[in-house]
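Morning, everyone. Please bring up the model.

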Amino acid sequence: MKNERRPNQLAAALLCALAAAAASYVPAQVITGTPGSPSATVTIDGKQIPAPPMPFGGVIKESATDSKPYWPPRVVPPKGAPNILLIMTDDQGYGVSGTFGGVIPTPSLDRVAKSGLRYTQFHSTALCSPTRAALITGRNHHSVGFGVISELSTGYPGYDSVIGPENASIGTILRDNGYATSWFGKNHNTPAFQLSTAGPFDQWPSGMGFEYFYGFMGGETDQWTPFLFRDHTQIFPFVGNPGYNLTTDLADEAIKHMRDLNASAPDKPFFLYYVPGGTHSPHQPKPEWVEKFKGKFDMGYEKLRDEIFANQKRLGVIPPDTQLTPWPAQIPKWESLSLVEKKLFERQAEVFAGYAAYTDYEIGRVIQEVEDMGKLDNTLIIYICGDNGTSPEGTLYGAFNQLTAYNGILKAPEALQLLHYEDWGTDKTYPHMAVGWSWAFD
């Protein structure tokens with residue numbers, strides 16, 4: 001089903017849906033069970049955050065025998081409140097997914113799109129931290145301190161990378177309404193100067209209302225040896241674990257967490273924020289995913305863009321009278337590249353495509369677990385394809401180590417690039433692709 005919204009409206013609709021899931025449909029503070037007992041529960045109206053404390057309902061006298069204890073009721077969502085699975089991939093332009101006209105199959109995204117609403121307009125801030133801050137707070141990114149990514153923050157209002165206490169996240173809202181809240185994957189919303197196990201932790205996921213966190217800090221991480229945390233503790237699951245890749249690990253941990261919740265509190269709804277690193281650089285999928293795209297990009301990036309453009313018109317995700325933007329003069333035409341450059345560029349796209357497909361596959365495993373638990377029909381699934389467009393850090397020629405570009409080396413020698421052709425995307429590289437591919441996938 002196709003549903004078009006103006007920019008910003010999807011984010012507003014998302015937060016409205018999540019708030020509705022937590023809101024009560026019964027009068028405020030109606031207690032279920034025996035009042036004062038440890039098992040008593042209450043559903044609140046959610047109009048005040050945090051909710052006002054329940055008054056003590058017992059009796060306190062000078063003598064314990066004349067007194068009566070009273071436990072405040074535990075806050076729970078209304079009966080039948082849905083689970084919420086919020087998914088977002090990273091640095092994926094509009095033309096990446098097969099679901100929206102790209103050439104990379106994304107069956108997990110297809111599954112969600114076919115069973116719900118397919119949005120064809122979405123406002124992003126074109127940067128990771130700001131988009132994510134706006135998403136989890138429902139506010140303009142400047143009003144929550146993220147006018148820029150956390151690593152580039154300044155000490156000025158709107159740019160300090162600090163989400164103030166006056167800006168509750170959706171994690172806080174749902175947690176305080178009785179949801180089990182968790183966050184798996186990328187955290188790019190903690191100030192870079194607070195990435196320490198010494199704390200403070202008020203700007204970590206736990207301080208944003210997420211009771212459980214399993215993921216990496218900052219904008220990117222090596223998928224083979226990630227900068228990984230379980231809550232506030234750095235962990236190293238890749239040590240002694242050949243073949244480890246974070247993309248699979250995140251799905252494994254999310255599935256385990258849902259199973260644990262289902263075993264201990266099957267009626268308690270969950271809010272799971274699932275944000276893997278794919279396809280932000282470094283592009284590091286497992287090798288078998290790269291092999292699936294061998295030889296698929298020898299047409300070059302200009303013809304790839306034409307193909308995606310035609311697919312999008314055919315699917316109706318862009319208007320039929322849309323005009324394709326001119327090819328930028330700064331980006332070398334495919335036919336101007338040498339045979340060696342073409343060979344290298346094709347490999348870059350194969351690895352990127354493998355990473356996108358691999359990421360979607362692991363997301364599909366998480367969705368499938370929801371169905372296997374029998375909870376799919378009562379779960380709101382939102383799958384956002386990219387916090388912003390496919391990015392340009394790979395320079396005009398791609399890089400086997402993206403950090404070279406960060407240090408001003410905009411073109412590594414061909415011979416050096418070729419040395420890494422076979423291991424492009426493995427633990428021996430930290431790669432990104434040429435801007436021509438990014439332009440085409442956008």
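**The second largest pocket**

The second largest pocket has 28 lining residues, and Pro77, Pro78, Lys79, Asp267 and Pro269 sit nearest its centre. A pocket here is an open set of points on a 1 Å grid over the protein atoms alone, where a 1.4 Å probe fits, with protein on both sides within 12 Å along at least five of seven lines; lining residues have an atom within 4 Å of a point. This is a predicted model, where local features need pLDDT of at least 70 and side-chain atom pairs count only at pLDDT 80 or more, while totals for chains, interfaces and linings use all residues. Residues are numbered from 1 along each chain as its sequence is written, and side-chain values use heavy atoms, with hydrogens and water left out.

How much space lies in the second largest pocket? About 630 Å³. That volume is the space filled by probe spheres set on the points, with grid points joined across faces, edges and corners.

β3 has the largest share, with three residues. Strands are DSSP runs (E, at least two residues), numbered from the N terminus, and helices are runs of H or I of at least four. By class, the lining holds 13 nonpolar, eight polar and seven charged residues. Nonpolar covers Ala, Val, Leu, Ile, Met, Phe, Trp, Tyr, Cys and Pro; charged covers Asp, Glu, Lys and Arg; the others, Gly among them, are polar.

**The whole chain**

Now zoom out. The chain has eleven helices and twelve strands. The C-alpha trace spans about 90 × 50 × 45 Å along its principal axes. Of the 442 residues, 53% are buried, meaning under 20% relative accessible area; exposed is over 50%, and partly exposed lies in between (1.4 Å probe, protein chains only). Take contacts, heavy atoms within 4.5 Å. Among those between residues at least 6 apart in sequence, 73% join residues at least 24 apart.

**Two loop residues**

Ser196 lies in the loop between β7 (180-187) and β8 (212-217). Ser196 is partly exposed, at 29% relative accessible area. Beyond its neighbours within four places in sequence, Ser196 contacts Phe201 and Trp204.

Thr65 is in the loop between β3 and β4. Buried or exposed, Thr65? Exposed, at 71%.
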